[in-house]
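Biologist: I would like to learn how to read a structure. Could we go through one together, feature by feature?

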Amino acid sequence: MDYKKAGVDIEAGYKSVELMKKYVKETMREEVLGGLGGFAGAFDLKKIKNYEDPVLLSGTDGCGTKVKLAFVLDKHDTIGIDAVAMCVNDIACAGGEPLFFLDYIACGKNYPEKIATIVKGVAEGCKQSECALIGGETAEHPGLMPENDYDLAGFAVGVVERKEIIDGSTIKDGDVLVGIASSGVHSNGFSLVRKVFEITPESLNTYYDELGKTLGEALIAPTRIYVKALKNVKNAGVKVKGCSHITGGGFYENVPRMLPEGIKAVIKKDSYSVPPIFGLIAKNGEIAEEMMYNTFNMGLGMVIALDPKDVDTAMEAIKAAGDTPYVVGHCVAGDKGVELC
């Protein structure tokens, strides 16, 4: 008896690391010390000394049951972008710059080429957010997970000047809400999606005219990363007063998280175009509109609060980053919460 016969292939692990090295290398920043394969990732903090009062930010998350689509479609090159996005978007939401990322892949069996493809997506997400992939772990769990299954999660660290933290405390009556378009369902609500649609190759490869693509293509589209958009806004001299990353819990849970007491957000549902995938989900699942807005991002991945005088400048900065902004509402005095009208 040996470890391989028990279900853990150490040689496959070595091969996975060799195959992923070229992708990891593409994410390097000058602050990264050492190479891939050490017991700990090392990141030089000398640049942080240029900050007046630096605050470290951190975020950890996974892709949820969206990974099920990757299994069924046998498409593993973008799910890593989702894992990075869910972490770095939270850091950007607080005004920070992501510095580095670590991933964790648990799998039933280590197929080196598949693992390397997953990490390729992680590296792409890191490149999009200009953070370094400085380490990770691939763990084989024979007997605990089916051989072809895996789960993916990550952890990111960023930095922000204390005086530049976005905490929503200065939001007031009359401030404007700008939403930034999502790329689709992102990485939340897939447990409901999987109840609405059969997650089979036949179902996912079905073409829908209203989508202009197959169902699988629409659903697996990677989560949009907003680091560059928010960085552009900051570099344009605009102070983002509040920022909400629209993830699990949709509008009703996430928008109020950026608001101070005594302020209500009013969002106009007809102020932007809701992507057709959400209409298809609602129709096929007979899901009430309120539940849709309480579960999904409904086409807006970020909502930011701005002083009215800064709206035009901010929107141009967001467009320059390749994102699409909309003026979607405003803030009023009232009980803390969100009103959709």
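**Reading strands, helices and contacts**

Modeller: Start with paired strands. This is a predicted model. Strand β4 (residues 97–107) and strand β5 (residues 132–140) run parallel, joined by eight bridges.

Biologist: Which residue in β5 does F101 stand opposite?

Modeller: F101 faces L133.

Biologist: What unit do β4, helix α4 and β5 make?

Modeller: Follow the chain from strand to helix to strand. Here β4, helix α4 (residues 112–129) and β5 form a β-α-β unit, and that unit is right-handed.

Biologist: At what angle do α3 and α4 pack?

Modeller: Look at the two helix axes. Helix α3 (residues 79–93) packs against α4 at about 40°, and the axes are 6 Å apart. The crossing of α3 past α4 is right-handed.

Biologist: Which residues in α3 and α4 meet?

Modeller: From α3, they include I79, G80 and V88. Among their partners in α4 are I118, G121 and S129.

Biologist: What does the UniProt annotation say about residues 55–160?

Modeller: The unreviewed entry labels them "domain: PurM-like N-terminal". The end C-alpha atoms of residues 55–160 lie 5 Å apart. The span is 38% helix and 37% strand.

Biologist: Where is Y207 found, in a helix or a strand?

Modeller: Y207 is in strand β8 (residues 207–208). Leaving aside neighbours within four places in sequence, Y207 contacts G212, K213 and T214. E217 is ten residues from Y207 along the chain, and their C-alpha atoms are 9.2 Å apart.

How values were computed:
Residues are numbered from 1 along each chain as its sequence is written. This is a predicted model: local features need pLDDT of at least 70, side-chain atom pairs count only at pLDDT 80 or more; totals for chains, interfaces and linings use all residues. Side-chain values use heavy atoms; hydrogens and water are left out. UniProt positions are given in the numbering used here, feature names are shortened, and annotations may be inferred rather than shown by experiment. Helices (H or I, at least four residues) and strands (E, at least two) are DSSP runs, numbered from the N terminus. Two strands pair if DSSP finds at least two bridges between them. A crossover is right-handed if, with the strands pointing away from the viewer, the path from the first strand over the helix to the second runs clockwise. Axes are lines fitted to C-alpha atoms, for helices over the stretch in contact, and angles run from 0 to 180 degrees between N-to-C directions. A crossing is left-handed if the near helix is turned anticlockwise from the far one by less than a right angle, and right-handed if clockwise. Contact means heavy atoms within 4.5 Å.
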